[in-house]
Protein chains: 2
Amino acid sequence: MRISARADYAVRAVLELAVRQGGDPVKAETVAAAQDIPHKFLEGILGDLRRAGVVDSRRGGGGGYRLARDAASITVADVIRAVDGPIVSVRGERPTGLSYTGSAQPLLPLWIALRANVRRILEGVTVADIAADALPDPVKELAAEPAAWENP
Amino acid sequence: MRISARADYAVRAVLELAVRQGGDPVKAETVAAAQDIPHKFLEGILGDLRRAGVVDSRRGGGGGYRLARDAASITVADVIRAVDGPIVSVRGERPTGLSYTGSAQPLLPLWIALRANVRRILEGVTVADIAADALPDPVKELAAEPAAWENP
DNA sequence: TGCCTTCCCCACCGGTTAGGTGGGGATTAA
DNA sequence: TTAATCCCCACCTAACCGGTGGGGAAGGCA
């Protein structure tokens, strides 16, 4: 279960747009420098985010990117789906597309529960939350447990 | 966030050993046929599980595999770690190995919380639970929500 | 002692993905 | 008209995923 570089970069890019909200559009180059993301790679990511309706763009001098809607209405799940597609997959398929037989049958509800649990986090945190350094309480509680920081 | 074929196969293989517990060792070929897993591919997976101390093996006629300990003490997380390494990674690294600066700083606790949440599921479900078709209540509740079955 | 069975190790392989780069065209502001 | 900026496409290398094949090592049995 890996968070890809694209996903990580995308969240950071959107975040960078969020904290510069209100002013002029922000150039891809500016975002790239601020977050230390390869410029051309970031352009592809921003293209995905635009097609998904997360950001808006304007070309030409003084152009750049800005959020397409309020930061409080953009969840981390939105961003990740925009660049990576489905959040959780098993062997490349959505859990609902699987079929198990015999004793393996309870595996399906297990994967479904896992996905629901992941969504609970990623759909419950907005870009505004992160920008304000104010993660929702349930998330803060999870991160506060010392065990969560251990690598078993 | 994908569950690899290796992980899926590994859980199903261990499960197959669990339901045949008590008798003779089970041949890889038998597990492969029962769970429709490519035989040679499965052998590699069983090797990983053996090295991780999840299963025991015996060679020669009448040989095969069996669980190394009680099914109730083997969690799904144990099995997945045995074949795929760390459960959650960001850009190939463990979350604790990351460093974010500036406005992206709250990303670290977010990934940590995400990992903790995933672990809660995978470490909370044992092979015995699945074999008995008796998933823990919290998992059952998650899977019972209709929204968990939708593909947004 | 052979012989059969089964695991065990290693090498390889084709296709996909991840991560990244480069060039040039389209659009817009000044 | 010119400079800036996004936009699209092609490409590239390395790694990974899923899978296969051959042969050797260990164990049971006659």
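This is a predicted model: local features need pLDDT of at least 70, side-chain atom pairs count only at pLDDT 80 or more; totals for chains, interfaces and linings use all residues.
Residues are numbered from 1 along each chain as its sequence is written, chains are lettered from A and ligands numbered from 1 in the order in which they are written, and side-chain values use heavy atoms, with hydrogens and water left out.

Chain A has seven helices and four strands. Helices (H or I, at least four residues) and strands (E, at least two) are DSSP runs, numbered from the N terminus. Along the sequence of chain A the order of elements is β-α-α-α-β-β-α-β-α-α-α. Taken along the principal axes, the box filled by the C-alpha atoms of chain A is roughly 65 × 35 × 25 Å.

Helix 1 (residues 5-19) of chain A packs on helix 2 (residues 28-35) of chain A at an angle of about 110°, and their axes are 10 Å apart. Axes here are lines fitted to C-alpha atoms, for helices over the stretch in contact, and angles run from 0 to 180 degrees between N-to-C directions. Helix 1 of chain A is therefore roughly perpendicular to helix 2 of chain A. Angles under 35 degrees count as roughly parallel, over 145 as roughly antiparallel, 65 to 115 as roughly perpendicular and the rest as oblique. The crossing of helix 1 of chain A with helix 2 of chain A is right-handed; a crossing is left-handed if the near helix is turned anticlockwise from the far one by less than a right angle, and right-handed if clockwise. On helix 1 of chain A the contact is made by Arg12(A), Ala13(A), Glu16(A) and Leu17(A), and on helix 2 of chain A by Val31(A), Ala34(A) and Gln35(A). Contact means heavy atoms within 4.5 Å. The residues in this contact of helix 1 of chain A with helix 2 of chain A are four nonpolar, one polar and two charged. In this scheme Ala, Val, Leu, Ile, Met, Phe, Trp, Tyr, Cys and Pro count as nonpolar, Asp, Glu, Lys and Arg as charged, and the others, Gly among them, as polar.

Helix 1 of chain A also meets helix 4 (residues 76-84) of chain A, where the axes come within 9 Å and cross at roughly 130°. That angle makes helix 1 of chain A oblique to helix 4 of chain A. This crossing of helix 1 of chain A with helix 4 of chain A is right-handed. Arg6(A), Ala7(A), Ala10(A), Val11(A) and Val14(A) of helix 1 of chain A touch Val76(A), Val79(A), Ile80(A), Val83(A) and Asp84(A) of helix 4 of chain A. By class, the contact of helix 1 of chain A with helix 4 of chain A has eight nonpolar, no polar and two charged residues.

Between the chains, helix 7 (residues 137-144) of chain A and helix 5 (residues 107-122) of chain B have axes that come within 8 Å and cross at roughly 80°. Helix 7 of chain A and helix 5 of chain B are therefore roughly perpendicular to each other. Helix 7 of chain A contributes Val139(A), Leu142(A) and Ala143(A), which meet residues of helix 5 of chain B including Pro109(B), Leu110(B) and Ile112(B). The contact of helix 7 of chain A with helix 5 of chain B holds eight nonpolar residues, one polar and one charged.

Turning to the DNA, 27 residues are around DNA strand D, and Ala28(A), Arg50(A), Ser57(A), Tyr65(A) and Lys40(B) come nearest. A residue is near a strand if one of its heavy atoms lies within 4 Å of it. Sugar and phosphate make up 64% of the atoms of DNA strand D that come within 4 Å of the protein. Helix 3 of chain A gives the most to the surface near DNA strand D, four residues. That surface near DNA strand D has seven nonpolar, nine polar and eleven charged residues.

DNA strand C is surrounded by 25 residues, the closest being Lys40(A), Ala28(B), Arg50(B), Ser57(B) and Tyr65(B). A polar side-chain atom of Lys40(A) lies 2.4 Å from a base oxygen of DNA strand C. Helix 3 of chain B supplies the largest share of the surface near DNA strand C, four residues.

Methods. A polar contact is a pair of N or O atoms within 3.5 Å; within protein, one must be able to donate a hydrogen and the other to accept it, and residues adjacent in sequence count only if both atoms are side-chain atoms.
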